[in-house]
Structure formats: structure tokens, C-alpha cells
Amino acid sequence: MATHQYPRFTLDRGSPVPLYYQLSQQLEAAIEQGSFAPGSLLGNEIELAGRLGLSRPTVRQAIQSLVDKGLLVRRRGVGTQVVHSRVRRPLELSSLYDDLEAAGQRPATRVLRHTTEPAAGQVAAALGVPEGTEVVRVERLRLAHGEPVAYLCNHLPAGLLDLQGGVLEETGLYRLLRMTGVTLHSARQTIGARAATGPEGELLAEPAGAPLLTMERTTFDDTGRVVEFGAHLYRASRYSFDFQLLARS
């Protein structure tokens, strides 16, 4: 496997910001922007130090910070390899598919299940329908750069969308809703975390017990109608939510 050709890095040696931190930030940005594809080799520390005109301890510290974040891995006899970029998702009413596409993450979808079933318990309450009402259930695996990122389970009112013909493998659920004239207005969302079960870990390429982020979201259109209830699992090693917090006046 060939070593990756580096983008141009700009290191300010007169800055109070440590050189290792400047390098780690620029390496991370290059990974996030797709300049380094998953599996790319960065070379070993001696090569990197010589190429960038830095000391070996400086390069080692920069690399270690990205290893700790899960973006790089050290392989004996091979060098430092890019594992993946981390998906950072803004906390707003948008679909994972659209966010991945906007970030250049090459999203893909594998539909695991598409069926109609009686709504029970939490699903019935979220959709605002009596228990036993027939609703649509869709389970999908969302991938980025060919790697699984999230397991998505969504329930929708029956008859809201035509999901035949593999349309869910070609685009995101929210985009399909908008294409049919649904105006998404707001959502109620809960975020949590738990350990992966064996089957979940196998599905998401994580060991059993690995940390997963959870999200439950009930989405409303501009008339106040519930249009979907989603219960999703995200790989904590690949995914995070970004918040913007405002001070109270």
C-alpha cells in the first residue's frame, strides 16, 4: 500500500500554539475533508518528521492525539494508517443522509427491513395513534465510505410515503418526505448512550459492549402532524453530535 501524498500544511513556528497541536489539527481537517481516504498510510514518524521539518517527538505527539480520537491507528511494520473520519452532526432537524452527503462522506444505505406492523406502546404513543394501528416500519444500515455508521429504525403513518422500488437505498427519508410535499417543521429528540449487544455490534462492526449513541426523534410537519418516529443507534467511535449553547439573557 502506497504512502499518501500530503496536502500542504502551514505551521507557524512563532505561534504560542504548540507545533504538535497545529499539526494534529491540520491532519484532522485533512482527514475530515477526505484528503486522506480510509486505509491511507501516513508513513512512519521518522518519514513524517523529515517531510515536515519537525522533530520526531512533535510528530509522535500529534499522531498520538489522533490515535486517541480513533482517526489513526499504528500498525507494526506498516506505519500509521487512516482508519476513518469522524462524523460530526449538527444538532438540527436534518437527515443523516443529507449531513453525510454535505460532508463528502459518500453515504450509502442498506435496507434491512421494510414492513407494515401494528403499532404498540412507545411507537403508538409517539405517532399519536391507537395501539394496533397499522404503521410502516423501516430498518436501515447507513454507511459512510463503505463503513457502517448507524442503524436506523423508523416508524411512519401508513400511506404517508411510497417506499417501493428500492427508493430508500438511493436517498434519505427526509428528502423523500419533502419530495412528496411534506414540510418538516420541528422535532422532539432524546439523546443517550449504552453498550452494544452482540447482534448490534456485529451489524455496526463494533465489539459487543462497545459504546453506542442512541437517539429517539419524533418529527412533526407544519400542521402539527407526526410524520415519523425514529429510534437510531450510532457508533460512538465514528459519530458525535455538535451543540451550540446560548447563555440566558
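# Reading contacts, strands and salt bridges in a predicted model

Among contacts in the protein chain between residues at least 6 apart in sequence, 60% join residues at least 24 apart. The model is predicted.

Me: What does the chain contain in the way of helices and strands?

Reply: The protein chain has seven helices and eleven strands. Of its 249 residues, 47% are buried. The accessible surface is about 12800 Å², and carbon and sulfur atoms account for 52% of that surface.

Me: What is Leu23 in contact with, once its neighbours within four places in sequence are left aside?

Reply: With those neighbours set aside, Leu23 contacts Phe9, Leu11, Leu52, Leu54, Val59 and Ala62.

Me: On to the strands. How do S6 and S7 run, and how many bridges join them?

Reply: Strand S6 (residues 134-144) and S7 run antiparallel and are joined by ten bridges.

Me: Which strand pairs with S7 over six bridges?

Reply: That strand is S10, which pairs with S7 in the antiparallel sense. In this pairing, Leu152 stands opposite His232 in S10. S7 is mostly covered, with nine of its eleven residues buried.

Me: Is His232 buried or exposed?

Reply: The cut-off for buried is under 20% relative accessible area. His232 has 11% relative accessibility, so it counts as buried. The residue lies in strand S10 (residues 226-235).

Me: What does the side chain of His232 make polar contacts with?

Reply: There are two side-chain partners to look at. The His232 side chain makes a polar contact with the side chain of Asn154 at 3.4 Å, and another with the side chain of Tyr234 at 3.1 Å. Leaving out residues up to four places away in sequence, His232 touches Tyr151, Leu152, Cys153, Asn154, Leu213, Thr214 and Met215.

Me: Which residue forms a salt bridge with Arg235, and where in the chain do the two lie?

Reply: The partner is Glu147, and the closest N and O atoms are 3.7 Å apart. Arg235 is in strand S10 and Glu147 in strand S7 (residues 147-157), so the pair links distant parts of the chain, 88 residues apart. Arg235 is buried, with a relative accessible area of 5%, whereas Glu147 counts as partly exposed at 21% relative accessibility.

Me: What are the closest N and O distances for the pairs Glu200 with Arg194 and Arg225 with Asp221?

Reply: For Glu200 and Arg194 the closest N and O atoms are 2.7 Å apart. Arg194 is partly exposed, at 36% relative accessibility. For Arg225 and Asp221 the corresponding distance is 3.0 Å. Arg225 counts as partly exposed at 41% relative accessibility, and Asp221 is buried, with a relative accessible area of 4%.

Me: Which residues are linked in a network of salt bridges?

Reply: Arg113, Glu117, Arg137 and Glu139 are linked in this way.

Me: How far apart in sequence and in space are Ala187 and Glu228?

Reply: They are 41 residues apart in sequence, and their C-alpha atoms are 9.5 Å apart in space. Ala187 has its place in strand S8 (residues 184-195) and counts as partly exposed at 36% relative accessibility.

Technical notes: Residues are numbered from 1 along each chain as its sequence is written. This is a predicted model: local features need pLDDT of at least 70, side-chain atom pairs count only at pLDDT 80 or more; totals for chains, interfaces and linings use all residues. Side-chain values use heavy atoms; hydrogens and water are left out. Contact means heavy atoms within 4.5 Å. Helices (H or I, at least four residues) and strands (E, at least two) are DSSP runs, numbered from the N terminus. Buried means under 20% relative accessible area, exposed over 50%, partly exposed in between (1.4 Å probe, protein chains only). A polar contact is a pair of N or O atoms within 3.5 Å; within protein, one must be able to donate a hydrogen and the other to accept it, and residues adjacent in sequence count only if both atoms are side-chain atoms. Accessible areas come from the Shrake-Rupley method with a 1.4 Å probe; for residues, only the protein chains shown count as cover. A salt bridge is a side-chain nitrogen of Lys or Arg within 4 Å of a carboxyl oxygen of Asp or Glu. Two strands pair if DSSP finds at least two bridges between them.
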